Each structure stands twice: as C-alpha cells, then as structure tokens.
Amino acid sequence: MEKIIVNGEMLERNGFYVDIEDRGYQFGDGIYEVIRVYEGRMYTQEEHLNRLYESAGKIGLNISYTKEELTDHLEKLIQSNQLDTGIIYMQFTRGASPRQHAFPVEPVPASYVAYTKVMARPEVFMKEGVKGHLVEDIRWLRCDIKSLNLLGNIMAKQSASEAGCFEAIQHRGETVTEGSSSNVFIVKEGAVITHPATNLILNGITRQEIQKLCSESGIVFEEREFTVTNLMAADEVFIASTTSEVMPIVEIDNTVIGDGKPGQVTKQLQTLFWNRVVERAKLAI
C-alpha cells in the first residue's frame, strides 16, 4: 500500500482526505515543492527545502519542522514506497479554520502533506527537442513565491497542450518571463540568457544549477530581460525544470529555432547537468 506523509506521520494513502475548510483547498493559501529522485536519492533537496522556507516566510506561514526533520520524513517516504526514479511532492497550507479571507485570528497548525510519484527522465524529448507556444503572462506579481495559486499557469499549459506543444512560453508585453512550469533560456552567440530572478519569475532550482554549471565550464551566463523577437531569433532555446531537466525547444508556434535540432550549448548543458546528478549520487553513498 502506498504511503504518504500527513503532518509528520506516515499513513496509507487510501482513505486520506482534506478538511473542506483547509485554506489550501479553499484559497490556495499555501506553498509547495517538487523534488527529483534519482535511483532512490533526492537531488538538490537542500536547495528545495531552503526555497520552501523562503516561500513560507514571504506569506507569513510557520513551518514547525526543521529542515533535518523534513529530510528524514522524505527519505523514509522514498524507502517505504521503494521509489527509484520519480518525484516527491510536498505542500504546506495555513491549516483548517472557519472560512474567512484574513488569516485565522487564533493561529492553527499548518497542514503538511507529501507523497511520491514514479516519473522517468524525459530522455526522448531531451534528445529530439519539443515545441513551445507563446502566451501572454496573466499571473500575479509574486511569481517568486512557489504558491498553490497556479490557475494562470495551468491556463497557459492548457493553451500549449491544445496547440500540440510541450510548454507555454509566457511574456508580459514583449518581455519573455518563463514557462508555465519551467524557466526559459535563449542562446545567442554562445551566451546563455535568461530573465533575472525578480518577482516576475520563480528562481528555479534547475535554473540555479545551470547558472553554476555555466560558471564552472566557462559558458557566458547573462541574467537580463529579452523580448519575444529575441526569442524567435535565438540560436537555441531551452527550458529547465525539476522534471524536464534541460529541455531543448526546437520550434515555437510553427517557427523553427536554429536548425530545428537541439543546439550544441543545450546539449553540453544536458551532459554537464547529468554528470552533476551522477556526481552527487556517488557522494551520497
């Protein structure tokens, strides 16, 4: 029977329910993280947990567990479900209380859940590249918080899905921000360019890893705004996320990017990223 974590306890998933007045359910009043698992080991869990606490602080949500306690919970969850390659999803909400928009007058314990999911690496897509679809970025102005408020994101993703594309590439006016569930990068004359880590995007953990890899390998990495015109004229385009890793975009709305194949810089970063995963896994043994 599949196990989940509920408020620090290991329970069977079957029969678990959410209180109808949980603020995450009614308001999206909460935060979440998705952590990659490779061969039974979490990858960059420390960075993910750091961001979880940062998001909690930004919305005034108290997490009553230490990072060490959460790490212990998640490791036991991986072992209990015998997860090899996949993800852990975890979220905290402001808890259950009588419905009102303001925070509860009397503090209530945060609700905390986590579960695992088998998910293979998207190796075929990474090798061949995928299609992107441009959509206007209609989200709120605190995209730096990894909150449960994802309606704008899912509307963008659905638009991409209906267009037969892997990801939506969002833009505010002419400025490209990020994907519906990823960060967006262009490559021009060998330089990797991506939107600065402001309130308009989520500073992705894989994005941060790419920045480090570029620095270590001598690839120019620039955090600056770029336009839709820049995007369509780029030598290479790729997206990055916990589940997509380094994913080439070879076509956007019927416009071929570069020569229509994953570019050299993108492929180099794919290799560097996977080598880093393998290196960390060996260190964890």
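User: Helices (H or I, at least four residues) and strands (E, at least two) are DSSP runs, numbered from the N terminus. Between which two elements does the loop that holds Gln 82 run?
Analyst: The model is a predicted one, and in it Gln 82 has a phi near 50°, a positive value in a residue other than glycine. Gln 82 belongs to a loop, and the elements on either side of that loop are H3 and strand E5 (86-93).

User: Is Gln 82 buried or exposed?
Analyst: A residue counts as exposed when its relative accessible area is over 50%, and as buried when that area is under 20%. The relative accessibility of Gln 82 is 72%, and Gln 82 therefore counts as exposed.

User: What is the relative accessible area of Glu 39?
Analyst: Glu 39 is placed in the loop between strand E3 (30-38) and strand E4 (41-43), and its phi is positive, at about 50°, although Glu 39 is not a glycine. Exposed residues have values over 50%, and Glu 39 is exposed because its relative accessible area is 58%.

User: How are the axes of helices H2 and H3 oriented to each other?
Analyst: Two packed helices are described by the angle between their axes and the distance between the axes. Helix H2 (residues 45-58) packs against helix H3 (residues 67-80) with the axes 11 Å apart and at an angle of about 125°. That angle is why H2, relative to H3, is oblique.

User: How many nonpolar, polar and charged residues does the contact of H2 with H3 have?
Analyst: From H2, the residues Leu 49, Asn 50, Leu 52 and Tyr 53 meet Lys 67, Leu 70 and Thr 71 of H3. Sorted by class, the contact of H2 with H3 has 4 nonpolar, 2 polar and 1 charged residues.

User: What is the handedness of the crossing of H2 and H6?
Analyst: The axes of H2 and helix H6 (residues 205-217) cross at roughly 125° and come within 10 Å, and the two helices are therefore oblique to each other. Where H2 passes H6, the crossing is right-handed.

User: How many charged residues does the contact of H2 with H6 have?
Analyst: On the H2 side Glu 47, His 48 and Arg 51 take part, and they meet Ile 205, Glu 209 and Lys 212 in H6. By class, this contact of H2 with H6 has 1 nonpolar and 1 polar residue, while the number of charged residues is 4.

User: Which residue's side chain makes a polar contact of 3.4 Å with the side chain of Glu 178?
Analyst: Glu 178 lies in strand E9 (residues 175-179) and, because its relative accessibility is 4%, counts as buried. The residues that Glu 178 touches beyond four places in sequence include Cys 143, Ile 169 and Leu 200. A polar contact of 2.8 Å connects its side chain with that of Arg 139, whereas the polar contact of 3.4 Å joins the side chain of Glu 178 to that of Asn 183.

Methods
Residues are numbered from 1 along each chain as its sequence is written. This is a predicted model: local features need pLDDT of at least 70, side-chain atom pairs count only at pLDDT 80 or more; totals for chains, interfaces and linings use all residues. Side-chain values use heavy atoms; hydrogens and water are left out. Buried means under 20% relative accessible area, exposed over 50%, partly exposed in between (1.4 Å probe, protein chains only). A polar contact is a pair of N or O atoms within 3.5 Å; within protein, one must be able to donate a hydrogen and the other to accept it, and residues adjacent in sequence count only if both atoms are side-chain atoms. Contact means heavy atoms within 4.5 Å. Axes are lines fitted to C-alpha atoms, for helices over the stretch in contact, and angles run from 0 to 180 degrees between N-to-C directions. Angles under 35 degrees count as roughly parallel, over 145 as roughly antiparallel, 65 to 115 as roughly perpendicular and the rest as oblique. Ala, Val, Leu, Ile, Met, Phe, Trp, Tyr, Cys and Pro count as nonpolar, Asp, Glu, Lys and Arg as charged, and the others, Gly among them, as polar. A crossing is left-handed if the near helix is turned anticlockwise from the far one by less than a right angle, and right-handed if clockwise.
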